Amino acid sequence: MATTPSPGTIRLDRQDPYLRVLCVNIFVRDQDRSLRFYVDQLGFALVVDENYESGGRWVAVAPPDGNTVLALVTPKRNSEEYKLIGRCKHAVLVTEDVLVKFEEWRKRGVRFHHPPQTTLWGGIFTRFDDLDGNSFSLVGRDDFVRDIEAQRRAATEKLEAERRLAQELDIAKQVQARLFPQNLPPLKTLEYSGICKQAREVGGDYYDFLNLGQARLGLVIGDTSGKGIGASLLMANLQANLRSQSAIALEHPQRFLQSVNQLFYENTTDSAYATLFFAEYDDHTRRLRYANCGHYSALLLRRDDNLERLNATGTVLGLFKDWDCSVEECGLFHGDILTLYTDGVTEAFNGSQEEFGEQRLVDSLRRHRDRPSQALLTTILDEVQEFSAHEQHDDITLIVAKCRDS
């Protein structure tokens, strides 16, 4: 019978698939009588007691550590197995203190062959029988048992630490997922979508859509320094700063970004920073005002397939207390496509260490430009993942916005 280890199962080998002793059959005459002996006198735990339609019954007990199960089997008379009742002579139990266990079990009526004795190898042992004459050795050796228990404790602590970390990462993943935009403010002249596919449970990439009021939309994409939990905390800090200051973004975009930089600088370590592209789109005039803070150039693919790059207008956020940037402006027209992305797109590499690169991204935009923004975004993601089929090494974040007639 196969079983799956419980979360508390001790694994010393660290192998996958694992291997351990599951069950040892002990042939007995009366399952109920033997069950009381193993549970009441030896302190074993009842693991299974099941009756089957065929008339059979499976009873299993386990010592306190639960690693190995003893099945108490009552064979039919005149069967070969019936002759094995009382013939088990080689089962060995190990304990930290044989003398203590000997006194405890002796008082409960366990029949020992002799008091605990020392051995040539420096241990101590005794033997006892169950109710059917099956014989067990009870052994202990201080340094031997201590080594085993030390390994078991270390393995248990490591497994518990891994379990806690996995649980915490899962919670962090759920929390971070809620930091990304949960709804898209409706616009008449812009169809847009965003996605972030993280390389780990959590990451440092960030995108957002901010409702600035008066038919204005803020499009944000950023990438914080570092990886994993550290980067995700920076991402959460950046998101909080952006949203808390967004009320002034409409009238004073430059001052808005200065405030975001100041908060990010004051609330993070000296080496923490973030690249950021922020754009404010006017649904009435189709005007796009933007600031590129050390981020990859946004790609503006015009209707006639000409490409414009919205390059940096300032340096990264968070490294400098005295910080400033300029705000540029351009117009969008029906059929234009604006694409914002992080390095996980262009720096994805294949087995030959060749990067996906900006040109492949542009070519994909041109090939599939007639698709809706969500379908176009999904297509690009699929092409990046197909190009870089091995393990994903960095977060992949994209925003695609298509200008349309109102």
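These questions and answers go through the cores, the salt bridges and some loop residues of a predicted model.

Residues are numbered from 1 along each chain as its sequence is written. In this predicted model, local features need pLDDT of at least 70 and side-chain atom pairs count only at pLDDT 80 or more, while totals for chains, interfaces and linings use all residues; side-chain values use heavy atoms, leaving out hydrogens and water.

Student: Which residues touch the most other members of the largest nonpolar core?
Tutor: A nonpolar core is a set of buried Ala, Val, Leu, Ile, Met, Phe, Trp, Tyr and Cys residues joined through side-chain atoms within 4.5 Å. Buried means under 20% relative accessible area, exposed over 50%, and partly exposed in between, with a 1.4 Å probe and protein chains only. The largest core has 48 residues, and those that touch the most other members are Leu190, Leu219, Leu238 and Leu257.

Student: Which strand gives the largest share of this core?
Tutor: Helices (H or I, at least four residues) and strands (E, at least two) are DSSP runs, numbered from the N terminus. The largest share is 6 residues, and the strand that supplies it is strand 13 (residues 274–282).

Student: Which residues is leucine 257 in contact with, beyond four places in sequence?
Tutor: Contact means heavy atoms within 4.5 Å. Neighbours within four places in sequence are left aside. The partners of leucine 257 are then Leu276, Phe278, Ala291, Cys293, Leu317, Trp323 and Cys325.

Student: How many residues are in the other core, which lies apart?
Tutor: Its members include Ile26, Phe37, Val61 and Cys88. The count for this core is 22 residues.

Student: How much accessible area does the nonpolar patch of Tyr273, Leu319 and Phe320 have together?
Tutor: Patches take residues with over 30% relative accessible area and no salt bridge; like charges are joined within 9 Å, and nonpolar side chains (Val, Leu, Ile, Met, Phe, Trp, Tyr) within 5 Å. Areas come from the Shrake-Rupley method with a 1.4 Å probe, and for residues only the protein chains shown count as cover. Leucine 319 sits in the loop between strand 16 (307–310) and strand 17 (328–331) and is partly exposed at 32%. Together the three residues have about 240 Å².

Student: How many salt bridges does a search of the whole structure find?
Tutor: A salt bridge is a side-chain nitrogen of Lys or Arg within 4 Å of a carboxyl oxygen of Asp or Glu. By that rule, the search finds 20.

Student: How many residues apart are arginine 106 and glutamate 103?
Tutor: Their side chains meet in a salt bridge, 2.7 Å from N to O. Arginine 106 is partly exposed at 42%, and glutamate 103 is partly exposed at 32%. Both lie in helix 2 (residues 98–107), about one turn apart, a spacing of 3 residues.

Student: How many residues apart in sequence are the parts tied together by arginine 369 and aspartate 305?
Tutor: The closest N and O atoms of this salt bridge are 2.6 Å apart. Arginine 369 lies in the loop between helix 7 (357–367) and helix 8 (373–387) and aspartate 305 in the loop between strand 15 (298–301) and strand 16, so the pair ties together parts separated in sequence by 64 residues.

Student: Which side chain makes a polar contact with the side chain of aspartate 132?
Tutor: Aspartate 132 lies in the loop between strand 8 (124–129) and strand 9 (135–140) and is buried at 9%. A polar contact is a pair of N or O atoms within 3.5 Å; within protein, one must be able to donate a hydrogen and the other to accept it, and residues adjacent in sequence count only if both atoms are side-chain atoms. At 3.2 Å, the partner is arginine 29.

Student: What is the phi of glutamine 214?
Tutor: Most residues other than glycine have a negative phi. Glutamine 214 is in the loop between strand 11 (205–213) and strand 12 (216–224), and is exposed at 56%. Its phi is positive, about 55°.
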